[in-house]
Number of protein chains: 4
Amino acid sequence: MKIIITDTYEEMSKVTAQHLLGYMYQDRRVNLSITAGTTPIKMYELLVPEVKAKSYFDNVHYYNFDEIPNRKEGREGVTISDLRKFFFTPAGISETHIHKLDHNNWQQQDEQIAADGGLDVILLGIGADGHYCGNLPGTTTFADQTSRVECDAAMKERIGRLFESSDEIPDYYVTMGPRSVMAAKHIILFASGTKKAEIIKRLVDGSVDQAIQASILKMHPHITLILDKDAASLL
Amino acid sequence: MKIIITDTYEEMSKVTAQHLLGYMYQDRRVNLSITAGTTPIKMYELLVPEVKAKSYFDNVHYYNFDEIPNRKEGREGVTISDLRKFFFTPAGISETHIHKLDHNNWQQQDEQIAADGGLDVILLGIGADGHYCGNLPGTTTFADQTSRVECDAAMKERIGRLFESSDEIPDYYVTMGPRSVMAAKHIILFASGTKKAEIIKRLVDGSVDQAIQASILKMHPHITLILDKDAASLL
Amino acid sequence: MKIIITDTYEEMSKVTAQHLLGYMYQDRRVNLSITAGTTPIKMYELLVPEVKAKSYFDNVHYYNFDEIPNRKEGREGVTISDLRKFFFTPAGISETHIHKLDHNNWQQQDEQIAADGGLDVILLGIGADGHYCGNLPGTTTFADQTSRVECDAAMKERIGRLFESSDEIPDYYVTMGPRSVMAAKHIILFASGTKKAEIIKRLVDGSVDQAIQASILKMHPHITLILDKDAASLL
Amino acid sequence: MKIIITDTYEEMSKVTAQHLLGYMYQDRRVNLSITAGTTPIKMYELLVPEVKAKSYFDNVHYYNFDEIPNRKEGREGVTISDLRKFFFTPAGISETHIHKLDHNNWQQQDEQIAADGGLDVILLGIGADGHYCGNLPGTTTFADQTSRVECDAAMKERIGRLFESSDEIPDYYVTMGPRSVMAAKHIILFASGTKKAEIIKRLVDGSVDQAIQASILKMHPHITLILDKDAASLL
């Protein structure tokens with residue numbers, strides 16, 4: 001495990017962007033799975049001008065690793081909408097290079113990625129509760145591949161804020177499971193802020209335990225943590 | 001996870017030897033960690049004539065991944081003695097290419113292997129109880145790197161048969177922990193016989209659970225199982 | 001450049017087969033380009049029983065690197081016919097895994113191989129005149145990719161013995177050019193017999209010179225020579 | 001060959017720096033050979049703040065690929081002095097990570113680099129005459145490894161401008177030869193300005209010919225050209 005500690009959120013974002021660019025410049029097909037959410041916002045801001053209209057990145061393919069579907073017909077899910085807003089649309093990524101995971105194709109996701117040559121790198125954020133992708137406490141187990149997770153009332157309340165109206169909130173979401181994530185060649189996990197300090201310490205120093213979903217990630221032979229100094233403050 | 005099912009113990013041994021040779025022929029330093037025990041006996045029999053006196057394998061370095069020390073002064077441990085008997089001595093491996101793990105250096109093992117470039121491949125057997133290396137049920141935990149394990153009375157009885165007299169039996173042994181093993185670039189696990197069928201099924205289909213030490217191995221992005229058809233009979 | 005010197009043609013054949021198997025066992029698509037001719041006959045004899053009916057080699061794809069077409073309608077060329085006879089047919093390789101280079105598709109060969117992920121390894125023989133594939137003296141130049149080579153009278157006489165009747169002899173043949181071969185991730189060149197000793201010495205110790213086609217191969221960052229002691233006798 | 005065409009010298013410099021950073025972030029020892037001269041000045045300007053005082057780059061080792069010694073006792077050569085001025089000193093690179101090629105150790109350079117694990121990447125500039133490193137027209141030949149090149153009067157005049165006084169000008173210089181450069185795992189060649197347009201066109205479209213030293217580089221299986229639009233204007 002390589003641990004990179006940066007001074008600020010901005011530096012963390014820049015270093016993470018540089019990691020991705022290092023892969024993207026290769027001269028063969030590169031498969032990236034990238035994260036939505038708030039942590040990457042600055043990173044995408046930095047990445048967009050580097051990537052926009054650059055034909056030398058035509059070898060790069062993008063995968064989303066989870067999706068909360070929208071029940072309204074014809075609406076895309078929360079994750080892909082986020083990725084479009086912050087990256088795919090401003091960066092002008094061709095639709096043929098965007099490989100959506102959704103409620104229709106999740107059962108083919110692991111096989112499809114393997115057939116495409118596997119993920120070169122998967123970029124993960126982490127929740128204060130140790131979740132990553134849609135692997136929340138009490139949902140998937142370590143051995144799970146891409147899965148459908150039923151939403152109970154608590155979960156519906158949690159994800160409700162992501163939708164405009166209650167009739168859009170789905171009964172389930174889909175996510176790459178721990179085993180699907182561990183199949184990537186390289187895992188990058190980034191985190192910012194004191195709210196993440198406790199879980200980062202738990203991940204680095206603690207046991208591997210199903211109660212803390214992210215604890216499995218330290219077992220990957222090639223994982224990099226990119227932290228700002230607040231997130232790293234308890235190490 | 002690639003699963004190779006062979007017809008016989010002999011074919012399993014040959015296929016495993018061919019996997020190792022595939023690494024050994026490379027034109028740079030290659031670091032192998034290989035197993036003692038009964039499963040590899042035929043494999044070493046096949047490997048010895050391929051390796052003996054071949055200068056084109058001078059790039060290969062060998063590491064043992066566990067050791068049961070012998071309390072009598074000047075005696076080497078059980079694992080290295082086994083590896084010498086079945087492979088290092090008949091194959092004429094130079095002492096400078098044999099990197100012993102023992103009770104003196106186990107605290108440096110993980111760091112030393114990393115400094116040497118990491119393990120290209122680690123070859124593991126598996127016990128019917130799910131143990132591999134010295135990671136027996138109730139000893140190490142998933143997050144452990146190379147560790148010293150104290151021997152209680154039951155363990156001393158278990159390992160007693162490996163020694164000529166009771167005053168040789170040690171109070172502890174050392175082993176690469178689950179996390180050290182998972183750090184290898186490639187894991188090969190081989191198994192033969194119906195006695196292993198149950199644990200192989202458990203490993204392939206079951207959960208990742210500390211009670212079954214080997215269950216963590218399925219989370220490695222690059223693991224190959226080589227089984228004879230008896231060991232694979234419940235898949 | 002790694003140089004492996006074996007005692008006999010048989011050992012050279014075995015070591016070369018083991019190199020190929022080392023690649024073939026991988027858990028992802030593997031692209032091999034393999035040679036016809038007399039040098040590999042023993043190697044294919046060894047390889048056939050290892051490969052036949054083994055579903056764990058379903059990840060392996062085969063490419064031929066040159067072809068002398070047969071002018072008679074419906075007849076396959078010399079190289080693919082040879083490969084079928086000595087390897088594809090007895091080993092039961094599925095037609096979907098055999099990627100023929102021929103007079104129809106040679107202009108797409110380099111692009112197709114790149115789209116398929118590139119060649120993991122290309123296995124070459126060498127002529128006493130330094131030719132490999134169809135890169136004979138005075139035909140292609142170093143910078144050439146897959147090419148069509150016109151046959152003059154001398155060439156037609158040379159290749160005539162490969163055909164049953166003179167109306168089958170073509171006016172041209174196709175071959176991966178030096179640059180196409182150099183694009184492979186690993187080059188293995190094998191040679192046997194005193195007739196090859198001079199050209200092997202030339203290759204290893206001599207200059208890089210268009211007059212000796214194989215002289216470029218020593219510039220590849222990852223090339224292995226597998227020689228019997230006769231072919232290596234002048235080193 | 002991947003060709004990246006950028007709008008300006010600044011963008012070329014940034015993209016090249018990002019390529020290097022992509023390697024440097026890895027979690028194992030990384031060996032870079034980097035160039036002096038005028039082309040990289042902006043790149044080093046961009047790289048210095050990224051690298052300075054960052055302990056997460058402690059895995060990176062630097063090699064210079066040529067050297068023009070200074071005859072005055074105790075003075076370092078031209079190349080290393082340049083690299084110190086533009087990168088090593090402002091970036092605070094530890095002396096233990098700077099592997100100098102000089103007139104004393106050039107005969108061990110190829111072996112030393114191989115023992116260190118090989119070069120992950122070598123960054124080259126190119127002269128309008130096709131030279132790279134110290135491989136000028138009429139000096140080394142393609143098959144040469146690291147070499148000593150004697151300076152005739154014309155060469156002494158050419159390099160004279162690099163020295164303060166004529167008694168510093170050496171009788172010879174040392175350089176990694178074409179074969180040493182081709183042994184790197186990845187070659188990056190960057191070029192800027194219309195003065196380079198002709199040679200870039202020659203390199204991309206032309207033959208492999210000893211008269212044009214850089215022409216060999218297109219035969220490497222993994223080479224990237226990073227050009228500004230002026231240098232690419234004839235493609």
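A polar contact is a pair of N or O atoms within 3.5 Å; within protein, one atom must be able to donate a hydrogen and the other to accept it, and residues adjacent in sequence count only if both atoms are side-chain atoms. In this predicted model, local features need pLDDT of at least 70 and side-chain atom pairs count only at pLDDT 80 or more, while totals for chains, interfaces and linings use all residues. Side-chain values use heavy atoms, with hydrogens and water left out.

**Surroundings of N135(B)**
- The side chains of N135(B) and T140(B) are joined by a polar contact of 2.6 Å.
- A polar atom of the N135(B) side chain also lies 3.1 Å from the backbone oxygen of M176(B).
- N135(B) is buried, at a relative accessible area of 0% (buried means under 20%, exposed over 50% and partly exposed in between, with a 1.4 Å probe and protein chains only).
- Beyond its neighbours within four places in sequence, N135(B) has contacts that include T175(B), G177(B), P178(B) and Q213(B) (contact means heavy atoms within 4.5 Å).

- Chain A and chain C share no contact, and their closest C-alpha atoms lie 7 Å apart.
- Chain B and chain D do not touch, with their nearest C-alpha atoms 7 Å apart.

Technical notes
Residues are numbered from 1 along each chain as its sequence is written. Chains are lettered from A and ligands numbered from 1 in the order in which they are written.
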